[in-house]
Amino acid sequence: MSNLGTFIAVVGACSFGPVGGTGKDQQARTIQLPDPARDGPVSVEAAMQQRRSVREFAPSALTLADVSQLVWAAQGITSPDGGRTAPSAGATYPIELYVVIGDVEGVQPGVFRYLPDRHALVETATDDRRSVLAGAALRQDALQSAPLVVVITAVYDRTAQRYGARAPRYVHIEVGNVAQNVYLQAAARGLGTVFIGAFDDAEVKQVLDLRPAEEPLGLMPVGRVQ
C-alpha cells in the first residue's frame, strides 16, 4: 500500500459533529490527514507581510500536507479542552469547513468536510465540482482554476442558543478569524488565496449538498503562486 493509502480508510456508522451525521457521511470515504506542523520557517510577521489576495494560480497540484495545514489553520484543535486555532464566542464553534478538491496529489476529486476532532476529511461528494461552484459564484474563474477551494459555512443556531439575536455578529467575526488564518497559512507555504463572498447562497448549498442548518459564508480558492 502507498503512503497515501495509509491515510485513506472507509469507515462504518458514526456521527460527525453537532449537526448530526447523514447516511452519506456514515458510509463515506474518510481521509486521515497527516499531522500538521506546529512550527515552520516563516514567521507570523513575514506571513503578514507576504499576504495578498491572489486569483491566479500556477498549474500545479497541491499536496495532502498542504491540505492538512490549511484546514488545521482554519479549525484545528490546539488544546486538550477542544480549543481551536480560531477563537469562537463562548466556544460555540458554529463553523463547518469543507474542501472542494480538484487537483491534490493522490486524491480523487470530490468534496470533503473537515472533522477537527479527528483531523480528517469525510467525503460528501465524489466528483469535481469546481466548475459548477464557479457558476454559482458569478463565474469567478479563480474557483475553477484553483486546485482546491476551502469553503466556510456556519450553523448559526449553535451560537444563537447562547447569544440570541447577537449570534450573527459573533459568527461573522469568527468567519473573519478563520479566513485570516487560511490567508496566513497559505502565505507561509508559498500559496495564494482570496476570500470570495459574492455567490448565490441557495446555489452554493445545492452544489455542495450542504445540510439544511448550514449557511455558506465564504469561498477561498487556494493554489501555488505563479
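**The largest pocket**

How much space lies in the largest pocket? The answer is about 480 Å³, in a model that is predicted. Here a pocket is an open set of points on a 1 Å grid over the protein atoms alone, where a 1.4 Å probe fits, with protein on both sides within 12 Å along at least five of seven lines. The volume is the space filled by probe spheres set on those points, which are joined across faces, edges and corners.

The lining has 18 residues (each with an atom within 4 Å of a point), and Val-42, Trp-72, Leu-184, Gln-185 and Ala-188 are the closest to the centre. Two or more lining residues come from each of helix 2 (44-50), helix 3 (64-75) and helix 7 (167-188); helices are DSSP runs of H or I with at least four residues, numbered from the N terminus. Helix 7 gives the most, with four residues. By class, the lining has nine nonpolar, six polar and three charged residues; Ala, Val, Leu, Ile, Met, Phe, Trp, Tyr, Cys and Pro count as nonpolar, Asp, Glu, Lys and Arg as charged, and the others, Gly among them, as polar.

**Helix 3 against helix 7**

Let's turn to the packing. The axes of helix 3 and helix 7 come within 8 Å and cross at roughly 150 degrees (lines fitted to C-alpha atoms over the stretch in contact, with angles from 0 to 180 degrees between N-to-C directions). Helix 3 is therefore roughly antiparallel to helix 7, a term for angles over 145 degrees.

On the helix 3 side, the contact (heavy atoms within 4.5 Å) includes Trp-72 and Ala-73, and on the helix 7 side it includes Val-178 and Gln-185.

**Helix 6 against helix 7**

Helix 6 (residues 156-163) packs on helix 7 at about 130 degrees, with the axes 8 Å apart. Tyr-156, Thr-159, Ala-160 and Tyr-163 of helix 6 meet Ala-167, Pro-168, Tyr-170, Val-171 and His-172 of helix 7. Seven of these contact residues are nonpolar, two are polar and none is charged.

**About the values**

Residues are numbered from 1 along each chain as its sequence is written, and side-chain values use heavy atoms, leaving out hydrogens and water. In this predicted model, local features need pLDDT of at least 70 and side-chain atom pairs count only at pLDDT 80 or more, while totals for chains, interfaces and linings use all residues.

Terms used:
Angles under 35 degrees count as roughly parallel, over 145 as roughly antiparallel, 65 to 115 as roughly perpendicular and the rest as oblique.
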